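Dear colleague,

Here is the structure I promised to pass on to you. My notes on what was found in it follow below.

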Amino acid sequence: MKTLFSVYAVDSVDYAFDPVFDGCNAVDRVVSWINTVSHEHKCGDSYEAVFFTCSRHEAGIRASLEKSGIPVSVVIAEHMTASDYINALAVRVDGIDTVICARYSCPFYDAVLTARLYELHTQTAAEYTFADGWPEGFAPCIINGGTVSVIAALARKQQAVPVSRTVFFDAIKQDINSFEIETLIAPEDMRLYRLDFSCETKEKTCACVNLFRVIRETSGETGCFSADNLAAKAVFESSVLRTVPAFYNIQISAACAGTCICCPYPAAYKERYGHDVSRAGELNPHGFMDSGDFARLMDQAAALSGEAVIAVSLWGEPLLHPRFTECVASILRHPGLSVLVETDGMLVTRTLIDAVQSVVAAAPARTTDKPPIVWIVSMDAVDEPMYRQMHGSGTESYPLSLNRAEEAVHLLEKAFPAAVYRQFVRTQINEPQLETFYRTYKDSGTVLIQKYDSFAGLLPDYKVTDVSPVVRNPCWHQRRDMVILLDGSVPVCREYMYDGICGNVFTQSMKAVWEQGKYMTFTEKCRLCDEYYTFNF
């Protein structure tokens with residue numbers, strides 16, 4: 001029985017080469033895992049490995065491979081789609097019984113867990129075997145050697161699909177009933193914590209480094225780096241759960257129509273400033289964030305987080321900002337940052353789209369798998385009467401209509417394919433139209449169904465059903481979101497509106513404000529909130 005280790009290393013970031021694990025880097029630890037599996041566990045009679053990498057990483061990969069105890073080859077490719085990768089693997093599996101597939105950026109692969117996967121794979125004569133329930137980065141997947149060519153044929157139908165961590169299963173799903181698939185289930189399901197221990201972004205690398213430090217400090221034993229032990233430690237370690245922001249929710253505009261029933265902002269704004277939010281542009285001298293201030297914030301965000309999504313729609317309509325495209329440019333000049341725009345769509349025009357397209361075209365390539373810019377258009381209905389119930393009619397100077405929102409989607413989809421979403425916030429009011437909405441737009445792949453948020457009681461309870469977890473897990477938003485208001489104030493999260501301020505990014509460093517946020521305590525608002533488990537881009 002011959003086993004091949006296939007390691008994918010064609011990425012654009014270098015965190016996996018940082019020597020942050022007692023002088024070793026993530027690639028060194030992957031090579032050590034391969035050696036342990038091949039020399040100490042019965043996962044085949046003979047072994048070899050292949051690393052698929054790019055010229056940028058070649059020297060680093062080869063340096064780590066000097067420690068390898070089995071035959072290894074290196075395949076250089078500057079760019080690979082899923083089809084490219086699986087095809088390149090398929091030509092190397094002649095005589096191979098089993099392929100163990102991994103990524104170069106995962107420092108905590110567990111050799112014992114890998115051996116358990118292999119045993120399940122061989123005993124059940126499976127074609128594809130994976131582990132489920134452990135955090136990402138602890139276990140590889142295993143494929144029958146003869147099955148790789150079949151998967152490659154399926155992958156060719158998706159020529160432009162990038163290589164994801166589920167690259168093989170994504171191809172298999174096209175004809176899933178034709179494959180024998182086995183799953184090794186974790187003793188405790190950790191998926192709800194959304195932990196990812198790979199050195200692919202600064203956020204994830206910090207989590208890996210902090211977890212490594214915690215294990216070293218509490219045990220000092222190399223053998224304690226098992227999947228179960230790592231997972232058990234991780235879910236109780238604040239330094240692992242909260243590293244650097246991955247999602248910045250920023251207010252760049254104070255103004256909007258102010259008539260949507262799902263938003264607490266218009267009432268909070270009027271109480272604070274004494275006039276309607278629809279008049280913020282004319283009556284509030286600080287109604288829009290200064291584009292220069294915004295650009296400096298983006299410099300800090302890139303330095304702090306490395307990679308992050310920048311949402312510019314915290315409160316207010318972002319497209320009302322007179323220098324909106326400059327704000328987009330300030331984000332995209334940093335390769336690790338991407339833009340998220342939530343809009344009512346009323347100001348989407350061909351001129352605006354052309355301007356944003358020019359900014360995107362001029363920006364450097366992203367170092368993440370996120371598109372440069374993603375658009376979400378609020379619709380929430382399939383006809384005008386229901387749209388008016390959800391959004392109102394706007395104002396005389398800023399009217400709202402479903403027809404205009406739909407026109408905006410069509411314009412955006414032509415310019416930004418696969419990066420535009422029609423959003424439906426599910427409430428007791430519009431629930432009768434949910435199925436029609438979904439069936440109408442599901443084939444375009446751009447439907448986003450959003451749960452209703454009452455903002456811990458600020459709004460009426462229009463929630464259709466409670467889908468929150470039975471056991472409350474650490475708040476996803478406090479772990480990874482930074483919320484920034486127009487004046488630079490940073491509430492602990494979006495639910496606090498103008499309260500619960502951690503600091504101000506215009507008078508303090510962004511890093512200092514983020515650090516201050518970890519000392520904010522669990523409050524009554526937190527107890528009433530059920531947003532703690534929801535996911536941001």
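Buried means under 20% relative accessible area, exposed means over 50%, and partly exposed covers what lies in between. Please keep in mind throughout that this is a predicted model.

By that cut-off, Phe169 counts as partly exposed because its relative accessibility is 23%, and Phe130, at 21% relative accessibility, likewise counts as partly exposed. These residues belong together for another reason, which concerns the aromatic rings. The count comes to 27 aromatic pairs, and one of them is formed by Phe130 and Phe169, a tilted pair with 6.0 Å from centre to centre and 50° between the planes. Phe130 lies in strand β5 (residues 128-132) and Phe169 in helix α6 (residues 167-172), so the pair ties together parts that are 39 residues apart in sequence.

Another tilted pair is that of Trp315 and Phe455, whose ring centres are 5.8 Å apart and whose planes stand at 45°. This pair links distant parts of the chain, since Trp315 sits in the loop between β9 (308-311) and α13, while Phe455 sits in the loop between β13 (447-451) and α18 (476-480), 140 residues apart. Are Trp315 and Phe455 buried or exposed? Both Trp315 and Phe455 are buried. Ring pairs also join Phe21, Phe108, Phe138, Phe197, Phe212 and Phe225 into a cluster.

Helix α12 (residues 291-305) packs against helix α13 (residues 324-332) at an angle of about 15°, and their axes are 9 Å apart. That angle makes α12 roughly parallel to α13, and the crossing of the two helices is right-handed. On the α12 side the contact involves Ser291, Phe294, Ala295 and Met298, which meet Glu326, Cys327, Ser330 and Ile331 in α13. By class, the residues of the contact of α12 with α13 divide into five nonpolar, two polar and one charged.

With helix α14 (residues 350-362), the axis of α13 comes within 9 Å of the α14 axis, and the two cross at roughly 20°. Angles under 35 degrees count as roughly parallel, and α13 and α14 are therefore roughly parallel to each other. The crossing in which α13 passes α14 is right-handed. Here α13 contributes Phe324, Thr325, Val328, Ala329 and Leu332, and α14 contributes Leu352, Ala355, Val356, Val359 and Val360. The contact of α13 with α14 has nine nonpolar residues, one polar residue and no charged residues.

Thr98 lies in strand β4 (residues 98-103), and it counts as buried because its relative accessibility is 2%. Which residues does Thr98 contact, leaving aside its neighbours within four places in sequence? Thr98 is in contact with Lys2, Thr3, Leu4, Tyr118, His121, Ile142, Ile143 and Gly145.

Ser38 lies in helix α1 (residues 26-40) and is buried, with a relative accessible area of 11%. Leaving aside its neighbours within four places in sequence, Ser38 is in contact with Phe5, Tyr47 and Ile70. The C-alpha atoms of Ser38 and Ala111 are separated by 9.2 Å, although these residues are 73 residues apart along the chain.

Terms used:
Residues numbered from 1 in each chain as written. Predicted model: local features only at pLDDT ≥ 70, side-chain atom pairs only at ≥ 80, totals over all residues. Heavy atoms only, no water. Axes fitted to C-alpha atoms, helices over the stretch in contact; angles between N-to-C directions. Helix = DSSP H or I, 4+ residues; strand = E, 2+ residues; numbered from the N terminus. Parallel < 35°, antiparallel > 145°, perpendicular 65-115°, else oblique. Left-handed = near helix turned anticlockwise from the far one by under 90°. Contact = heavy atoms within 4.5 Å. Nonpolar A, V, L, I, M, F, W, Y, C, P; charged D, E, K, R; others polar. Phe/Tyr/Trp six-rings, centres within 6.5 Å; stacked < 30°, edge-to-face > 60°. Buried < 20%, exposed > 50% of the residue type's maximum accessible area, 1.4 Å probe, protein only.
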